[in-house]
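Work through the exercises below with the sequence and the model open side by side. Each task is followed by a solution in steps.

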Amino acid sequence: MLTIQFNGTPIHVGSLDAAPFKDLLADFSTCKKVIMVDENTHDCCLEYLLTAFPSLEDAEVMLLPAGEENKALEVCYQVWSAMLEYQINRNDLVINLGGGVVTDLGGFIASVYKRGIDFIHIPTSLMGMVDAAIGGKNGVDLNGLKNIIGTITQPKAIFVDAGFLETLPPEEVFNGYAEMLKHALILDKNYWNQLKSLNSEEELIQIQHIIRSIELKKQVVEADPTEKGQRKLLNFGHTLGHALESYFLSKKSIAHGHAVALGMIGESYISYKRGVLSQEAYREIEQCIIRIFPMLEIPEEAIETLIELMRNDKKNERNALNFVLLNAIGSAQVNAEISPSEVGEALLHLSLLAQHGN
Ligand SMILES: NC(=O)c1ccc[n+]([C@@H]2O[C@H](COP(=O)([O-])OP(=O)(O)OC[C@H]3O[C@@H](n4cnc5c(N)ncnc54)[C@H](O)[C@@H]3O)[C@@H](O)[C@H]2O)c1
């Protein structure tokens with residue numbers, strides 16, 4: 001068992017069946033427990049939890065609908081009402097067992113219920129383990145805009161047990177890989193060199209790669225917990241990525257990791273066109289991502305809408321389009337102001353990649 005201390009929150013990496021989780025349950029033995037799951041983690045992960053830890057048998061299980069479209073206030077209202085009905089109090093515990101949607105949603109629900117009750121995350125997707133469960137950001141989407149309502153509240157503890165990944169569908173493993181690549185691109189060339197040619201799911205979920213991502217995220221968030229400066233580095237690929245994710249949400253939705261992968265190509269392209277990133281590095285990034293993620297045709301008439309979505313992105317100030325740009329593989333800069341035409345060019349380039357591939 002490895003424990004990484006992160007802003008006062010322990011991240012325990014290893015089997016859930018080890019001392020830290022049992023100790024936590026003992027600490028909360030007299031309190032009520034609420035377990036948040038979605039339909040898939042209900043079927044694939046909950047049974048293990050309830051059979052391995054009999055003290056959880058009495059827990060209230062909240063079954064959330066799966067999918068990004070349910071990361072919404074409407075779902076929160078229902079859960080808060082149920083929590084009131086079950087008389088969940090301030091000293092009780094919420095256990096979020098799921099991917100990034102469950103940890104974002106469950107963390108938000110717990111962080112404001114009765115002005116905040118304790119919660120822990122047990123991420124079950126690769127995305128959750130390497131990124132979503134780490135860092136204390138909780139939230140929901142509103143009016144098609146990603147994570148626009150939320151809190152920054154740290155969970156009491158995080159338990160990363162890679163055993164849960166056994167049932168994760170392959171495409172979801174690749175979604176987590178996108179955020180691992182992001183950590184490497186903004187901070188660690190050596191890690192990028194380890195990740196860039198991995199192909200199989202087994203290779204991607206190796207524990208040393210998961211741990212390296214957690215360490216890199218910790219390094220950035222601890223230096224800037226409230227996102228005044230360097231934490232914005234983590235938004236690399238997300239300004240374009242969130243806009244694409246929002247745009248396609250009401251059509252044929254695309255996964256967060258897929259959107260970020262496309263966003264990273266687009267934002268690397270802008271970096272290259274600005275002369276900040278070398279052409280060689282840009283090509284290396286493009287090839288690595290194209291090998292794994294399907295490219296997407298973006299209708300020309302969508303470009304204005306996408307730029308508007310980026311302007312509404314909560315990361316932007318004074319209506320400007322602020323991006324994270326890459327200086328090189330393993331090094332990035334925040335707060336680069338980008339013109340709408342540069343963004344449009346990057347979106348057209350992404351679309352061209354899709355047309356060439358088809
Ligand atoms: N808070 C943050 O800092 C942060 C960072 C990155 C991403 N996110 C958020 O995370 C979300 C994406 O996370 P995600 O990719 O985990 O999505 P997700 O939670 O929707 O999980 C993906 C799919 O995998 C299923 N699943 C999860 N674990 C499983 C398992 N062990 N076995 C079988 N199926 C399983 C889920 O039910 C879902 O269908 C987005 O909403 C994104 O905004 C948040």
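**Exercise 1. The ligand**

How far is a nitrogen atom of the ligand from an N or O atom in the side chain of Asp104?

Solution. The structure is a predicted model, in which local features need pLDDT of at least 70 and side-chain atom pairs count only at pLDDT 80 or more, while totals for chains, interfaces and linings use all residues. Residues are numbered from 1 along each chain as its sequence is written, and side-chain values use heavy atoms, with hydrogens and water left out.

Step 1. The distance for Asp104 is 2.9 Å. A polar contact is a pair of N or O atoms within 3.5 Å; within protein, one must be able to donate a hydrogen and the other to accept it, and residues adjacent in sequence count only if both atoms are side-chain atoms.

Step 2. An N or O atom in the side chain of Lys71 lies 2.9 Å from an oxygen atom of the ligand. Lys137 uses a backbone N or O atom, 3.0 Å from a ligand nitrogen atom.

Step 3. Around the ligand there are 26 residues (a heavy atom within 4 Å). The closest are Asp38, Glu68, Ser125, Lys146 and Thr167.

**Exercise 2. The domain interface**

Describe how domain 1 meets domain 2.

Solution. Step 1. An automatic or database domain assignment sets the bounds: domain 1 covers 2-167 and domain 2 covers 170-357. Their C-alpha centres are 26 Å apart.

Step 1. In contact (heavy atoms within 4.5 Å) are 26 residues of domain 1 and 31 residues of domain 2.

Step 2. The two domains bury about 2,600 Å² (accessible area, 1.4 Å probe, lost on being put together and summed over both). Carbon and sulfur atoms carry 69% of this area.

Step 3. Four salt bridges cross the interface. Asp131 also forms a salt bridge with Lys217, where the closest N and O atoms are 2.6 Å apart.

Key
Salt bridge = Lys/Arg side-chain N within 4 Å of Asp/Glu carboxyl O.
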